[in-house]
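Please open the model in your viewer and keep the sequence panel beside it. The tour below goes from one selection to the next and says what is found at each stop.

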Amino acid sequence: MFSYEMYIRLLAVACLIGIPRSTAAPCEPVRIPMCKSMPWNITKMPNHLHHSTQANAVLAIEQFEGLLGTQCSEDLLFFLCAMYAPICTIDFQHDPIKPCKSVCERAKCGCEPVMKKYNHTWPESLACEELPVYDRGVCISPEAIVKAEGPDNPYYQDLSKCPPESIPDFPVDAYNVNCKGGNSEQCKCKAVRLGQKIYLKNNYNYVIRARVKEIRIRNHDLSAIVEVKDILKSSLVSIPRDTVTLYYNSGCLCPPLTANEDYIIMGYENEERSRLLLIEGSIAQKWKDRVGRKVKRWDQSLRDQSRGNAGRGNRRGEAEEKPSLT
């Protein structure tokens with residue numbers, strides 16, 4: 001079956017092997033030195049940043065040489081060249097093909113933290129929001145240009161090392177790293193072992209059984225979309241038996257979650273913003289009925305303990321108010 005992905009691959013191969021174009025085609029050879037290594041050798045001006053000539057584009061793209069030297073993202077050069085020297089094909093002469101949103105997000109995800117160290121932010125001209133999504137529009141990404149399978153391919157992607165939702169092109173279930181330069185060492189989650197002592201100590205605001213629908217990343221903010229199946233505990237925020245959002249407070253997926261799995265999730269609440277939070281100390285582990293029963297017993301013990309402390313406080317207050325007989 002002829003798929004969209006195969007179509008993009010054919011377009012890319014057409015550029016690589018130099019299929020003859022009509023004399024009226026506005027394509028021109030890539031003359032930007034930084035982009036000579038790209039898997040296409042024909043481009044079109046003006047580019048996506050409105051540079052009318054490649055000479056102008058060269059002056060603009062050279063500002064990223066230092067950032068490329070940091071190796072903050074494997075996708076940065078591909079993304080920049082797709083913007084500054086976009087691939088030109090017979091079928092898309094009027095509007096050159098843009099890079100996929102996912103490529104931009106991966107490049108930004110890895111490199112913006114480096115830029116911020118030098119008081120710079122990701123340029124508005126390279127904003128990811130308006131770029132097409134792979135399965136909803138025509139776009140180009142390293143994954144769609146396949147010249148060889150496996151790590152020997154210079155555009156081979158190990159998807160397990162990519163952040164959530166920065167690769168909507170292909171389904172990936174779980175991620176243990178996130179937007180800190182793509183370095184898994186920076187996103188190792190501290191394991192929290194579930195037990196009665198930890199449960200009583202951490203005094204979670206909410207405990208739910210939920211199925212993870214998806215992990216989202218928006219401007220470095222992580223969240224998990226889950227379908228609530230059972231509410232074992234809630235306090236400040238009303239939790240519907242519906243699809244809800246759990247918000248992480250760091251750039252790491254900690255505790256880690258996998259799509260299409262049932263979990264028991266314990267976390268905290270932001271009453272002011274009516275948010276359910278996953279922060280340090282939160283727990284998410286695969287659902288088991290016996291764990292659910294244990295948590296219910298532990299929570300009952302916690303409530304009994306709270307009532308006991310309140311009762312002792314009341315008795316102390318009454319004793320202090322009792323008038324002296326002397």
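**Loop residues with positive phi**

Select glutamine 71 to begin: with a relative accessible area of 70%, glutamine 71 is exposed, where exposed means over 50% relative accessible area, buried under 20% and partly exposed in between, with a 1.4 Å probe and protein chains only. The model is predicted, so local features need pLDDT of at least 70 and side-chain atom pairs count only at pLDDT 80 or more, while totals for chains, interfaces and linings use all residues. Residues are numbered from 1 along each chain as its sequence is written, and side-chain values use heavy atoms, with hydrogens and water left out.

Glutamine 71 sits in the loop between H3 and H4, helices being DSSP runs of H or I with at least four residues and strands runs of E with at least two, numbered from the N terminus. Its phi is positive, about 55°, although glutamine 71 is not a glycine. Most residues other than glycine have a negative phi, and most peptide bonds are trans.

Asparagine 260 is partly exposed, at 49% relative accessible area.

**Two cis peptide bonds**

In the loop between strand S7 (243-248) and S8, select proline 255, which is joined to cysteine 254 by a cis peptide bond with omega of about 0°. Then move to proline 46, in the loop between S2 and H2, where the peptide bond from methionine 45 is cis, with omega near 0°.

Histidine 51 is also placed in the loop between strand S2 (42-43) and H2, and at 17% relative accessibility it counts as buried. Leaving aside neighbours within four places in sequence, histidine 51 is in contact (heavy atoms within 4.5 Å) with Met45, Pro46, Asn56, Ala57, Ala60 and Tyr84.

**Helices H2 and H4**

Now display helix H2 (residues 54-61) with helix H4 (residues 76-84), whose axes come within 11 Å and cross at roughly 150°. That crossing makes H2 roughly antiparallel to H4, a term used for angles over 145 degrees. Ala57, Ala60 and Ile61 of H2 make the contact with Leu80, Cys81 and Tyr84 of H4.

**Salt bridges**

How many salt bridges does the structure hold? There are 10, each being a side-chain nitrogen of Lys or Arg within 4 Å of a carboxyl oxygen of Asp or Glu.

Select arginine 106 and aspartate 75, whose side chains meet in a salt bridge at 2.9 Å, N to O. Because arginine 106 lies in helix H5 (residues 101-117) and aspartate 75 in the loop between helix H3 (65-69) and H4, the pair ties together parts that are 31 residues apart in sequence. Both residues, arginine 106 and aspartate 75, are buried.

Lysine 233 and aspartate 299 form another salt bridge, with the closest N and O atoms 3.6 Å apart. Lysine 233 belongs to strand S6 (residues 221-233) and aspartate 299 to helix H7 (residues 289-321), so this pair ties together parts 66 residues apart in sequence. Lysine 233 is buried, at 14% relative accessible area, and aspartate 299 is buried, at 6%.

Finish with Arg209, Arg211, Lys229 and Asp262, which are linked in a network of salt bridges.

Definitions and conventions
Axes are lines fitted to C-alpha atoms, for helices over the stretch in contact, and angles run from 0 to 180 degrees between N-to-C directions. Angles under 35 degrees count as roughly parallel, over 145 as roughly antiparallel, 65 to 115 as roughly perpendicular and the rest as oblique.
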